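The following report covers the salt bridges, pockets and surface patch of the model shown below, with a table for the paired side chains.

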Amino acid sequence: VDADILEKKEIYLQLNGIDTHAEVILNNVVLGKCNNAFTRYQFDVKKIIQPENNQLTIRFFPVVPIAQEILRNRILPLPGDSVRAVIRKPQYHFGWDWAPRINTLGFAYPISIGLKAKATIDYLLVNKLALTDSSAQLQLKFELNSALSKGAFKAQSQYFKTFQFQANEQLNQVVFIDQPKLWWPVGQGAAHLYQDTLLIFNEANELVLAHPFEFGIRQAKVLQQKDEWGTSFTFEINGRPIFAKGANVIPPGIFSGPELDAAFAALVPQMQAANFNIVRIWGGGMYAPESFLNACDRAGIMVWHDFMFACAMYPADAAFMSQVSQEIKQHIPRLASHASVVYFNGNNEVDVAWKNWGFQLQYHLNDAAQKTIESAYQAVFLDLLPKQVQAYTN
């Protein structure tokens with residue numbers, strides 16, 4: 001390791017897409033464990049890393065025995081495929097009607113050593129608060145992480161002007177943009193995206209961070225109104241009902257990583273050729289990569305995004321809820337920053353499975369057991385997920 005790197009105050013080992021249960025060891029020191037293929041991990045290695053002869057060991061464990069051990073400690077069964085329900089990785093790896101059962105194991109992305117920057121922005125969102133024919137009220141939401149100072153910082157950008165704020169606190173800066181150029185789905189208007197850069201200055205007026213970002217201005221609603229057939233389900237963008245034309249997207253391959261990300265993005269020209277204006281990311285797969293979402297932003301293709309749960313009942317114990325909470329806190333702001341993402345959906349066919357697939361009889365569940373399973377559903381899909389979405393998008 002270069003001497004200049006070793007002199008830095010904070011050095012991190014960064015892991016993205018570790019699939020799935022693994023123990024991370026550097027120079028015979030256990031850094032920690034991974035248990036979620038959807039989550040990025042970061043370990044502080046400043047006190048452990050050496051100038052040379054570093055030995056990194058990542059010990060992987062097969063997920064089925066781990067799932068079986070988790071299930072043995074449960075009082076109640078989990079209807080559906082209970083083995084995959086307790087493992088946070090793409091559910092189709094356990095086999096699906098369109099996919100073979102291939103439980104992948106290993107590295108999806110390269111491992112890297114990172115230096116702690118003077119200041120970082122973990123997420124940045126531009127939320128629409130109000131929209132009229134002549135003006136848009138926008139909210140810039142971000143959090144600056146900095147070890148430089150606990151005092152005031154100054155930020156400025158082309159569209160969000162100049163303002164003061166404190167580090168390590170979530171910031172909500174509200175501005176108005178006159179005569180906004182709106183982001184529209186394809187066929188309705190231009191999918192306009194604004195380009196901006198957030199400049200951060202410390203108390204000495206020194207530039208500590210330049211953060212480029214882009215955003216689209218659009219208002220997205222789902223209209224669910226009673227009609228003669230039941231209840232409508234219509235996407236309304238910028239006050240205009242949109243007839244949805246599209247399909248579900250399943251992962252275009254088995255093995256996660258850069259090649260699969262590129263395959264996702266390569267689907268967008270096919271969607272355009274087929275006259276899609278919306279696509280749904282299916283909940284049994286994986287969270288959409290940036291390359292895919294960027295392409296949808298520019299193509300004007302709306303994205304309905306499931307969270308990664310499908311066709312089984314899920315637990316709500318403390319360990320599982322902690323995994324899911326960490327997972328969605330990483331993905332929600334990333335996904336919500338894209339103008340194309342107009343809808344978050346909790347799961348794929350979990351509610352319908354519970355109500356229509358006969359789980360209650362098949363698993364011999366009495367009233368008390370059913371209430372316990374329903375309470376777990378409530379905790380994950382009606383409490384945790386909606387509250388986290390609202391925390392970033394409202």
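## Salt bridges, pockets and a surface patch

In this predicted model, Lys355 pairs with Asp351 in a salt bridge whose closest N and O atoms are 3.3 Å apart. Both residues belong to helix 7 (residues 350–356), where they sit four residues apart, about one turn of the helix. Lys355 counts as exposed because its relative accessibility, 59%, is over the 50% cut-off, whereas Asp351, at 30%, counts as partly exposed.

The count of salt bridges comes to nine, and three of them are set out here.

| Salt bridge | N to O distance |
|---|---|
| Lys355 and Asp351 | 3.3 Å |
| Lys89 and Asp19 | 3.1 Å |
| Arg88 and Glu327 | 2.9 Å |

The salt bridge between Lys89 and Asp19 links distant parts of the chain, since Lys89 lies in the loop between helix 3 (82–85) and strand 7 while Asp19 lies in strand 2 (residues 18–19), 70 residues apart. Lys89 and Asp19 are both buried. Arg88 lies in the loop between helix 3 and strand 7 and its partner Glu327 in helix 6, so this pair ties together parts that are 239 residues apart in sequence; Arg88 and Glu327 are likewise buried.

By class, the lining of the largest pocket comprises 17 nonpolar, 13 polar and nine charged residues.

The second largest pocket has a volume of about 850 Å³, and among its 32 lining residues Ala220, Val342, Phe344, Val389 and Thr393 are the closest to its centre. Strand 9, strand 16 (220–223), strand 22 (341–345) and helix 9 (367–393) each supply at least two residues of this lining, with helix 9 giving the most, seven residues. The lining of the second largest pocket divides into 18 nonpolar, eleven polar and three charged residues.

On the surface, Leu56, Phe107 and Ile111 form a nonpolar patch that together has about 250 Å² of accessible area. Ile111 is located in the loop between strand 7 (106–107) and strand 8 (112–115), and Ile111 is partly exposed, with a relative accessible area of 32%.

Notes
Residues are numbered from 1 along each chain as its sequence is written. This is a predicted model: local features need pLDDT of at least 70, side-chain atom pairs count only at pLDDT 80 or more; totals for chains, interfaces and linings use all residues. Side-chain values use heavy atoms; hydrogens and water are left out. Patches are made of residues with over 30% relative accessible area and no salt bridge: like charges are joined within 9 Å, nonpolar side chains (Val, Leu, Ile, Met, Phe, Trp, Tyr) within 5 Å. Accessible areas come from the Shrake-Rupley method with a 1.4 Å probe; for residues, only the protein chains shown count as cover. A salt bridge is a side-chain nitrogen of Lys or Arg within 4 Å of a carboxyl oxygen of Asp or Glu. Buried means under 20% relative accessible area, exposed over 50%, partly exposed in between (1.4 Å probe, protein chains only). Ala, Val, Leu, Ile, Met, Phe, Trp, Tyr, Cys and Pro count as nonpolar, Asp, Glu, Lys and Arg as charged, and the others, Gly among them, as polar. On a 1 Å grid over the protein atoms alone, a cavity is a set of points where a 1.4 Å probe fits but cannot get out, and a pocket is an open set with protein on both sides within 12 Å along at least five of seven lines; lining residues have an atom within 4 Å of a point. Grid points are joined across faces, edges and corners, and a volume is the space filled by probe spheres set on the points.
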